[in-house]
Amino acid sequence: MFKSKRVRNPNERLNKWAYIFIAPFILAFLFFSLYPMISSIGYSFTNENESFYENFTTFSNYEIIFHDVNFWHSFLNTFIIFTMNFIPQIVAALFFAILFTNKRIRMKGVGFFKFIYFLPNILTATTVVIIFSFMFQRGHAIYNEEMQLVGYAGGPFTELLKALGMNFMVNPLYDTWAVRMVIAFILFWMWFGNSMIVYITGINGISQEVFEAADVDGASQWQVFLNITLPILKPIMIYSLITSIIGGLQMFDIPYLMRGQQLDPSTPIFAGTSSTDTIAIYIFEKMKVAPHDYGIAGAASVVLFIFSLSLSVAMYFVMFKEKNYEKRIWRRIKKYEQI
Amino acid sequence: MSKFNSSLGVRKPQLTAVNIISKIFLYAICILVAIMCIIPIVSLVLSVTRSSAEIDAGFKLEIGNHFFENITGLIKHLQDPDEGGYSIARSFLNSVIISVSSTTICIYFSALTAYACHVYDFKGKAFFEKFILFLIIIPGQLGAVGFYTMALKLDWMDTYIPFIFPAIASPSTVFFMRQYLKANFSREYVDAARMDGANEFVTFNTICLPFIKSAIATMALFGVISSWNNFMGPMTFLTKPELFTLPQIVSYMTTDAYIETGPYYMGILITALPMLVIYFFLSKVIMKGVSTGGLK
């Protein structure tokens, strides 16, 4: 009761060691993360290159990017590529997760399929781009005029698309929408196995009794999926959606290298922007390529940050709200049994 | 799983014609998707054994006998001073140096931070733990511009500092270690070590680190994989050919009009192979890490 009478733990004096142990983390965080973040924000409000813009005001950089067609196109590209990748990804991941965990179907070789489906996720993005470009064109076709013409007749995937009745002008990799689809497919190919593993864990985490109770009540497979599996997986799916969006907004390597595969990297397909330029590429180029516009790059990353952070915060609220879903399902089942 | 479960609830599947057909259909889908996943990788592995002319002639799944020719072709082509004088062996070494050192640093300091949160009661502990959780959801892109200009000012361009030292503060690794310690590591071990008169630092190194081996292994795998596959970092900070990492060499090859297809494939396989080998032996650990990290 009385503080002075409390029996002091002899080890309490050792607690000051904690500060020594966490000091490297805090110092590294301050120096390598916090300071760069603050200075990025600082850059977004300043103008280093004075000859570039006259009449500079605090929000000039933001005005410039909001009026920059390339900025919006790179945002749009990111959004298009992400959506084309994510919808099939979540459908496929969910389908296989349910198939592999279903106690009635009892698939054989689940371990083998899991091994194979996750495999693409381990590869370096740079190598994946090249492997896929070989799937669409024969040989190393860049800048090789003869190859560019026959490239269409080349890779196995191009042949497959041709067989399915899709015709491209020269090569899918030179077509605005086709190249986006290829990138989306690569992302799908690399990530559906990863999402599948996450969903499988989620489904295995649902107590078997819930399924058994539904089974006893004579629920069909489809009813079980709609009324039990899907609602319980909802928080995991929202989590995976938000992390994918945050990751997708930072999409860099695959689109960046795919650009190298196009007929001419500087082709102004989209009023100055390649059809594969994402927001991360926009920031990278403003920062890295002369005249090194740190103000613009900073402003663009602040916009991206606010966008991502609001999504993350939304996720936290949703997850918090959905925490006790399993209990709610139980209640629903009990109610059903009473009727 | 158990007999008990199956007898109680789950009805046994009946072997009707519809069931058999739908099962065949499901297996067919699974096998098709598996082929889709594996065919690009198989074609890569097979292609490095074929000559450039054979590969250029068209897609075929067959083994050739030009493996060593492609290796020497790749090395010679990249070494050519007109091509920039790259060395694939040097790049391989660079990739190894960066991924091993950054992962080691990340693991050690994350374990240290997690250990401090687990074993000690210090002022601001609750805040610190919440803060780490908050850091996980902060997208890293914001700091890119500031970090790049800082690296320019401090003359860190063409050094490995920007890849190695920021790894000290890795919130998600700390979080993972903390969860692992919470579930497995009792404070009594620490008290016992203290009785024996061990210094706090020694206790961490000799009692805690060996105890959390499996968490370290999982996180080390993830660290090595993500560092090996990192492309944007090296593109931002490295400009000298002798410092290039493997993904950079691959990126360079995509714009190289003169490289032949066989050596080109070889360069890609060399970049991908270490991760494939790691995955082949440790896929279970990796998948387990994905599933436990899935809800962090």
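**A tour of chains B and A**

Of the contacts in chain B with a separation of 6 or more, 73% are between residues 24 or more positions apart. Keep in mind throughout that this is a predicted model.

**Select chain B.** Show it as a cartoon. Turn the view along the principal axes: the C-alpha trace of chain B spans about 70 × 70 × 40 Å. Next, colour chain B by burial. Buried residues account for 38% of its 296 residues.

**Select chain A.** How many helices does chain A have? There are 14 helices in chain A, and zero strands. Follow chain A from its N terminus and the elements read α-α-α-α-α-α-α-α-α-α-α-α-α-α. Colour chain A by burial as well: 43% of its 339 residues count as buried. In chain A, 72% of the contacts with a separation of 6 or more are between residues 24 or more positions apart.

**Show both chains.** Now look at where they touch. On one side are 74 residues of chain B, in contact with 83 residues of chain A. Which helix gives the largest share of the side of chain B that touches chain A? Select residues 261–293 of chain B: this is helix 15, and it supplies twelve residues, the largest share of that side. Finally, colour the side of chain B that touches chain A by residue type, which gives 51 nonpolar, 18 polar and five charged residues.

Notes: Residues numbered from 1 in each chain as written. Chains lettered and ligands numbered in written order. Predicted model: local features only at pLDDT ≥ 70, side-chain atom pairs only at ≥ 80, totals over all residues. Buried ≥ 20, exposed ≤ 12 C-beta atoms within 10 Å, placed from the backbone. Contact = placed C-beta atoms within 7 Å. Helix = DSSP H or I, 4+ residues; strand = E, 2+ residues; numbered from the N terminus. Nonpolar A, V, L, I, M, F, W, Y, C, P; charged D, E, K, R; others polar.
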